[in-house]
Amino acid sequence: MKLSEIKSKLKALDTIAFQLPNGTLVPNHFHVTEVGKISKHFIDCGGTVRTENVANFQLWEADDYDHRLHPEKLLNIIELSEKVLEIEDLEIEVEYQGDTIGKYGLDFDGTHFLLTSKLTDCLAKDQCGIPEKKPKLQFSDLQNDAPSCTPGSGCC
């Protein structure tokens, strides 16, 4: 999800809820402690120089059980961050503290913002010897143009 998308969705909401990949909700007394831009400049295992930029939200919960972040407040924080930090319409990455700091993508199901699992990947598979995955075929999908062998046909 990009910043423009979350801003649009926040305008139509009365409350904000974030749901973890396992289906549990982030406690509703969470804070968004940071909205920022993270730039990553790196070299992949094939030697290609790359850059990635994401808008970053950090969710945090404390013992402040009476706290509720309202959609218009988060919208104001996002718009201020875009202006002051000159953040473009970037994909959003969300940090949330579980057993360790987890990084998630963001989606929306019409009610909740969904924290989606992110996976690592090799960006230079052709350079480091990782074979492409072969497609899995089902025997039922294979077409055999040869005559079939039936009992008593003499083919066996």
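Modeller: The account below begins with the salt bridges and then turns to the core and the cysteines. This is a predicted model, in which local features need pLDDT of at least 70 and side-chain atom pairs count only at pLDDT 80 or more, whereas totals for chains, interfaces and linings use all residues. Residues are numbered from 1 along each chain as its sequence is written, and side-chain values use heavy atoms, with hydrogens and water left out.

The structure holds 6 salt bridges, a salt bridge being a side-chain nitrogen of Lys or Arg within 4 Å of a carboxyl oxygen of Asp or Glu. One of them pairs Glu 93 with Lys 118 at 2.7 Å, N to O. Glu 93 belongs to strand 4 and Lys 118 to the loop between strand 6 and helix 3 (125-128), so this pair ties together parts that are 25 residues apart in sequence. Helices (H or I, at least four residues) and strands (E, at least two) are DSSP runs, numbered from the N terminus. Glu 93 is buried, at 9% relative accessibility, while Lys 118 is partly exposed, at 41%; buried means under 20% relative accessible area, exposed over 50%, and partly exposed in between (1.4 Å probe, protein chains only).

A further salt bridge joins Asp 44 and Arg 50, also with 2.7 Å from N to O. Here Asp 44 is buried, at 7%, and Arg 50 is partly exposed, at 28%. In the bridge between Lys 125 and Asp 121, again 2.7 Å from N to O, Lys 125 is partly exposed, at 35%, and Asp 121 is exposed, at 54%. Through shared partners, salt bridges link Glu 93, Lys 103 and Lys 118 into one network.

The largest nonpolar core has 29 residues, of which Ile 6, Phe 113 and Leu 115 touch the most other members. Such a core is a set of buried Ala, Val, Leu, Ile, Met, Phe, Trp, Tyr and Cys residues joined through side-chain atoms within 4.5 Å. Among the elements that give two or more residues to this core are helix 1 (3-11), strand 4 (92-97) and strand 6 (113-117). Beyond its neighbours within four places in sequence, Leu 115 has contacts that include Phe 18, Val 94 and Tyr 104, contact meaning heavy atoms within 4.5 Å.

As for the cysteines, a search of the whole structure finds 0 disulfides, a disulfide being a pair of cysteine sulfur atoms within 2.5 Å. The sulfur of Cys 45 has its closest cysteine sulfur in Cys 122, at 3.5 Å, which is too far for a bond. Cys 45 is exposed, at 54%, and Cys 122 is partly exposed, at 23%.
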